[in-house]
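Visitor: I would like to learn how to read a protein model. Could you walk me through some features?

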Amino acid sequence: MTAEAIAVGDEVIAHPVRGGYATEVVVPVHTLVAKPDGLDWAAASGLLLTGTAAAHAVTAAEIAEGDTVLVHGAAGGVGLVAVQLAVLRGARVVGTAAETQPELLRDLGVTPVVYGDGLLDRVQEVAPGGIDAALDLAGTDEALEVSLALVADRRRIATIANFDRG
C-alpha cells in the first residue's frame, strides 16, 4: 500500500514520529506504512526500527554493487533485513550465524559462516578475494575483531551494538 492509498481509519505504522505513545498523532503521510494484516501490533511495532537500523548500517558502510560484505548476526532481526538490502544493491554477502541457520541464509542469497572460534579463517576460506565492508549487528568482540582484521577501509565497518570498543 502506498502512502496515497492510505485512508483515514487504516492501521498504519509511522516512523519517525514524535509522541508515538499518544493515542493520536499528526505525521507527514510519507512517514506512514500500512501495518501488515497478518501481524499484531506488538510484532508490527518493531518493523520500522529494525528496517531503519539495517538501512542505516548498509548506507553507512557504503555497500555497493560488486562488494563482498560480511554481516555479523545475519540471521537476527536487523541482520535479515540488512542482508536483503545488501543483496538488492548487488553485493555478495557472507553472513555469520548459528549453525542452525544456514538454509535460511542460503535462501536469501547469503554465504553462511558459523560464528565462534576460527571465524576469521572460515570467512577467509569462503571469501578468498577479501571483504570490502562489514556490518556488526551482533555486538560481540569477535565480530568487531574479525571485521577489523578483514576490512582495510575502517570507514566501511558499521556497528549497531559495539560502541564501547576503542
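**Reading a strand, a sheet and a helix pair**

Guide: Start with Thr68, whose place is in strand β3 (residues 68–72). Helices (H or I, at least four residues) and strands (E, at least two) are DSSP runs, numbered from the N terminus. The model is predicted: local features need pLDDT of at least 70, side-chain atom pairs count only at pLDDT 80 or more, and totals for chains, interfaces and linings use all residues. Residues are numbered from 1 along each chain as its sequence is written, and side-chain values use heavy atoms, with hydrogens and water left out.

Visitor: Is Thr68 buried or exposed?

Guide: Buried means under 20% relative accessible area, exposed over 50%, and partly exposed in between (1.4 Å probe, protein chains only). Thr68 has a relative accessible area of 12%, so it is buried. Contact means heavy atoms within 4.5 Å. Leaving aside neighbours within four places in sequence, Thr68 is in contact with Arg92, Val94, Ala127, Gly130, Ile131, Asp132 and Ala133.

Visitor: Which residues of β3 lie on each side?

Guide: In a regular strand the side chains alternate between the two faces of the sheet. On one side of β3 are Thr68, Leu70 and His72; on the other are Val69 and Val71. Both faces are covered. In β3, 5 of its 5 residues are buried.

Visitor: What is the order of the strands in the open sheet?

Guide: Two strands pair if DSSP finds at least two bridges between them. The open sheet has 5 strands in the order β5-β4-β3-β6-β7, with parallel pairing. Its edge strands are β5 (110–114) and β7 (157–159), and each pairs on one side only.

Visitor: How many bridges join β3 and β4?

Guide: β3 and β4 pair in the parallel sense over 4 bridges. Val69 stands opposite Val93 in β4. On to the next pair: 5 bridges join β4 (residues 92–97) to β5, also running parallel. There Val93 stands opposite Val110 in β5.

Visitor: Which strands does helix α3 touch?

Guide: Helix α3 (residues 77–88) packs on the sheet and touches β3, β4, β5 and β6 (133–136). Its direction makes about 165° with that of β4. Axes are lines fitted to C-alpha atoms, for helices over the stretch in contact, and angles run from 0 to 180 degrees between N-to-C directions. Helix α5 packs on the sheet too, touching β3, β4 and β5.

Visitor: At what angle do α5 and α6 pack?

Guide: Two packed helices are described by the angle between their axes and the distance between the axes. Helix α5 (residues 119–126) and helix α6 (residues 141–150) pack at about 45°, with their axes 10 Å apart. That makes α5 oblique to α6. Angles under 35 degrees count as roughly parallel, over 145 as roughly antiparallel, 65 to 115 as roughly perpendicular and the rest as oblique. From α5, Leu119, Leu120, Val123 and Gln124 make the contact; from α6, Glu142, Val146, Ala149 and Leu150 do.

Visitor: What is the phi of Glu62?

Guide: Most residues other than glycine have a negative phi. Glu62 is not a glycine, yet its phi is positive, about 55°. Glu62 lies in the loop between α2 (47–60) and β3. With a relative accessible area of 53%, Glu62 is exposed.

Visitor: Where is Glu65 found?

Guide: Glu65 is in the loop between α2 and β3. It is exposed, with a relative accessible area of 70%. Leaving aside neighbours within four places in sequence, Glu65 is in contact with Arg89, Gly90 and Ala91.
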